[in-house]
Amino acid sequence: MPRLHESRKRVLVTGGAGFLGSHLIDRLIAQGHEVICADNLYTGTKRNIEHLHSNPRFEFLRHDVCNPLKLEVDEIYNLACPASPVHYQHNPVLTTKTSVMGALNMLGLAKRLRCRIFQASTSEVYGDPEVHPQREDYWGHVNPIGARACYDEGKRCAETLFFDYHRQHRVDIKVARIFNTYGPRMHEMDGRVVSNFITQALAGEDLTIHGDGLQTRSLCYVDDMITACLALMAAPADVTGPVNLGNPEEFTVLELAEQVISLTGSRARIRHVPLPEDDPRQRRPDIERARRELGWSPAVPLKEGLVRTIAHFRNLA
């Protein structure tokens, strides 16, 4: 077995001050690696990484991936991009630039360094799917000019770039299609169902459900997701992805709202509002490839994950 200093890597995590990025950095630091967190703090926050600033193996770099970055690292995790509809629709041109230019710049760095690079893609590449559950060989059903296209098509283009760099320049790539993830450090104003419902329930406000609430979602707890990302990054070079990472347990948005009300002890009621443009009616990953190639499947039940997440939001109050 190699000694710690022999196996230690210098790892770049873009978007490292965000929800997923900060949890990933925690795990990498715990494994003994040195981590550079690059983030422009557009949606990330220093609060997510403030506990790391005294750690000698952590470095924060305020940087926008739309601009090139010159560093010497052993691995790259490219997580930089607003991930919630509220944030990515606020500045759609910037969202597309971050997905596309960010991918180009990080792939260029990986090519120069001849290092492995991980791309945080998304279930949104499937759009409003006509195939259920969604498998990696499904090409998707995306509106290329809709309000969500900046994110959906930006991530689809990023995947194209990753596989073209792999074919043309032999860059060692890993592409993960990340489905809805939740847990502590979610942005309380990100507009997604878990954070919305919890903040509303704790404030005693009505829980707002878009449409009839019968649209389905599948939620993966953040600890499970980070385990999956690390497993994909450590997989053999021929396991490039794309690989669906998420929890295949499916439930309606209405069922989620009722569970949050119960777990928070809130007296809040449910209020229905119009459905947003291109909002997917169903979303559930087929994770057979992740089970087969990574030996991974989620372990944290929804109720347990919600209890932990609610506790985090209570502490913010």
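The legends below describe close-up views of a predicted model. Residues are numbered from 1 along each chain as its sequence is written, local features are given only at pLDDT of at least 70, and side-chain atom pairs count only at pLDDT 80 or more, whereas totals for chains, interfaces and linings use all residues. Side-chain values rest on heavy atoms, with hydrogens and water left out.

View 1. Strand β1 covers residues 10-14, helices (H or I, at least four residues) and strands (E, at least two) being DSSP runs numbered from the N terminus. Four of the five residues of β1 are buried, where buried means under 20% relative accessible area, exposed over 50% and partly exposed in between, with a 1.4 Å probe and protein chains only. Five bridges pair β1 in the parallel sense with strand β2, residues 34-39, two strands being paired if DSSP finds at least two bridges between them. Within this pairing, Leu-12 stands opposite Ile-36 of β2. From β1 the chain passes through helix α2 (residues 19-30) to β2, in a β-α-β crossover that is right-handed; that is, with the strands pointing away from the viewer, the path from the first strand over the helix to the second runs clockwise.

**View 2. Strand β1 beside strand β4.** Strand β4, residues 75-78, runs parallel to β1 and is joined to it by four bridges. Val-13 stands opposite Tyr-77 in β4.

**View 3. The salt bridge between Glu-34 and Arg-10.** The side chains of Glu-34 and Arg-10 meet at 3.7 Å, N to O, in a salt bridge, defined as a side-chain nitrogen of Lys or Arg within 4 Å of a carboxyl oxygen of Asp or Glu. Because Glu-34 lies in strand β2 and Arg-10 in strand β1, the pair ties together parts that are 24 residues apart in sequence. Glu-34 is partly exposed at 29% relative accessible area, and Arg-10 is likewise partly exposed at 29%. A network of salt bridges links Arg-8, Arg-10, Glu-34 and Glu-59.

View 4. Glu-153 and Arg-156 form a salt bridge through their side chains, at 3.0 Å from N to O. The two residues are three apart in helix α5 (residues 149-169), so about one helical turn separates them. Glu-153 is partly exposed at 26%, and Arg-156 is partly exposed at 26%.

**View 5. The salt bridge between Arg-292 and Glu-293.** The side chains of Arg-292 and Glu-293 meet in a salt bridge of 3.9 Å, N to O. Arg-292 is exposed at 53% relative accessible area, whereas Glu-293 is partly exposed at 33%.
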